[in-house]
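The following note sets out some points on the fold and packing of the model shown below.

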Amino acid sequence: GTLRGSRVYLEYPSVGATETVIMAAVVAEGETVIENVAQEPEIVDLANFLVSVGTKVITIQGVRSLHGGEYTVIPDRVEAGTLLVSAAITYSNLWLSSIVPAHLTSIVTKLEETGCQIKFKDDNRLELIPPPELLSTDIRTLPYPGFPTDMQAQFMALLTVAKGPSVVQETVFEGRMAHALELQQMGARLSVAESTAFLEGIQGLAAEGITKVQGLQHLDRGYDKLDQKLRSIGASVERISMDNAKD
C-alpha cells in the first residue's frame, strides 16, 4: 500500500532511525513531522540533499518522485577525528583541510583536555600541535552535539598512553568495548565494567614492532582508503593478503 504521512516520535534520537523515517517520508502521501530526531550533521546533510533533488523537508511533505541532481556531501568528522588522534598519539604535528570546524567541537575539546593545541587557520583548516606529554581526561559518549560514539575506541587508545587515570563511558550502544581486550593484549592497563572502561595511562606505551590487524571490512565500511591517508602523513602501514599475514 501507499505510505501516509504521520507524526512520528522517536523514543531515542537514533541516527539510523531518523534517516530511515526521513527517507520513507519523502515519498509518503501528506505531511510527516518527526520529533526527538537525531541532530548529527549527517542528518542535516541528508535533508539538504533531499531538498536538492526535489523533496520538501523540515516537516516533510511527501512527493511522488525525486529528480536527479549533483550534491557534495559534508566532510567526514569521524575520519577527521581519527587522523587527529593518530597525530596526538604519535606526538606529531598535523594539518587537516576540508573540514567543518563546528562538527568537530566535542572532539577538539577532548583533544585540548589532553594537552593538544588546535589552531584553526580559516573556515576549513586546522593544525594539531601535540603536548610534551599527553594528559588523562574522561569521555562519555552522547548523541550529537555530545561526544561521538564512533570516536570512543580511538580516544581509548589515546588515553592508554596519557598521564594519569581516565574513564571512558559508552552510553549510545551496548557491547562497544571489544577493543579494550585488544588494547590489554598490547600492554594497556585498563579494566571494563559493563559499558565503562577505567584506564591508567602508561607514558611511553606505544606499539613496538609489527602489529597485524584483521577484519578490515569494518575499517573499509567506515573510512575511505584510511591506510593510504595514514601513509601520506608518515605511518608505516601496508595492506596484505591473508595468506601473507600467516607468514
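Is Phe 155 buried or exposed? Phe 155 is buried, at a relative accessible area of 0%; buried means under 20% relative accessible area, exposed over 50%, and partly exposed in between, with a 1.4 Å probe and protein chains only.

1. Basis of the note. The model is predicted, and local features therefore need pLDDT of at least 70, side-chain atom pairs count only at pLDDT 80 or more, and totals for chains, interfaces and linings use all residues. Residues are numbered from 1 along each chain as its sequence is written, and side-chain values use heavy atoms, with hydrogens and water left out.

2. The largest nonpolar core. A nonpolar core is a set of buried Ala, Val, Leu, Ile, Met, Phe, Trp, Tyr and Cys residues joined through side-chain atoms within 4.5 Å. The largest one holds 39 residues, and Leu 96, Leu 111, Leu 128, Phe 155 and Met 156 have the most contacts inside it. Among the elements that give two or more residues to this core are α3 (77-89), β4 (94-97), β6 (125-129) and α5 (152-159); helices (H or I, at least four residues) and strands (E, at least two) are DSSP runs, numbered from the N terminus. The greatest contribution comes from α3, with seven residues. A second, separate core of eleven residues includes Leu 10, Ile 22, Ala 25 and Leu 46.

3. The three-stranded sheet. An open sheet has the strand order β4-β6-β5, with antiparallel pairing; two strands pair if DSSP finds at least two bridges between them. Its edge strands, each pairing on one side only, are β4 and β5 (117-122). Four bridges join β4 to β6, and five join β5 to β6. The latter two strands form a hairpin with two residues between them.

4. Leu 96 stands opposite Leu 126 in β6. Beyond its neighbours within four places in sequence, Leu 96 is in contact (heavy atoms within 4.5 Å) with residues including Ala 80, Leu 83 and Leu 84. Helix α3 lies across β4 and β6 and runs at about 170° to β4; axes are lines fitted to C-alpha atoms, for helices over the stretch in contact, and angles run from 0 to 180 degrees between N-to-C directions.

5. Helix α2. The twelve residues of α2 (residues 41-52) should span 16 Å at 1.5 Å a residue, and the end C-alpha atoms are 17 Å apart, which agrees; the expected span is 1.5 Å times one less than the number of residues. Pro 41, Ile 43, Asp 45, Leu 46, Ala 47 and Leu 50 are buried in this helix, and what covers them includes α1 (15-25) and α3. Just after α2, Gly 54 takes a positive phi of about 120°.

6. Aromatic pairs. Rings of Phe, Tyr and Trp (its six-membered ring) pair if their centres lie within 6.5 Å; planes under 30 degrees apart count as stacked, over 60 as edge-to-face and the rest as tilted. By this rule there are two pairs. Phe 49 and Tyr 71 are edge-to-face, at 5.6 Å centre to centre with 65° between the planes. Phe 49 is partly exposed at 32% relative accessibility, and Tyr 71 is partly exposed at 29%. The ring centres of Phe 147 and Phe 155 are 5.1 Å apart and the planes stand at 90°, so this pair is edge-to-face. Phe 147 is buried, at 4% relative accessibility.
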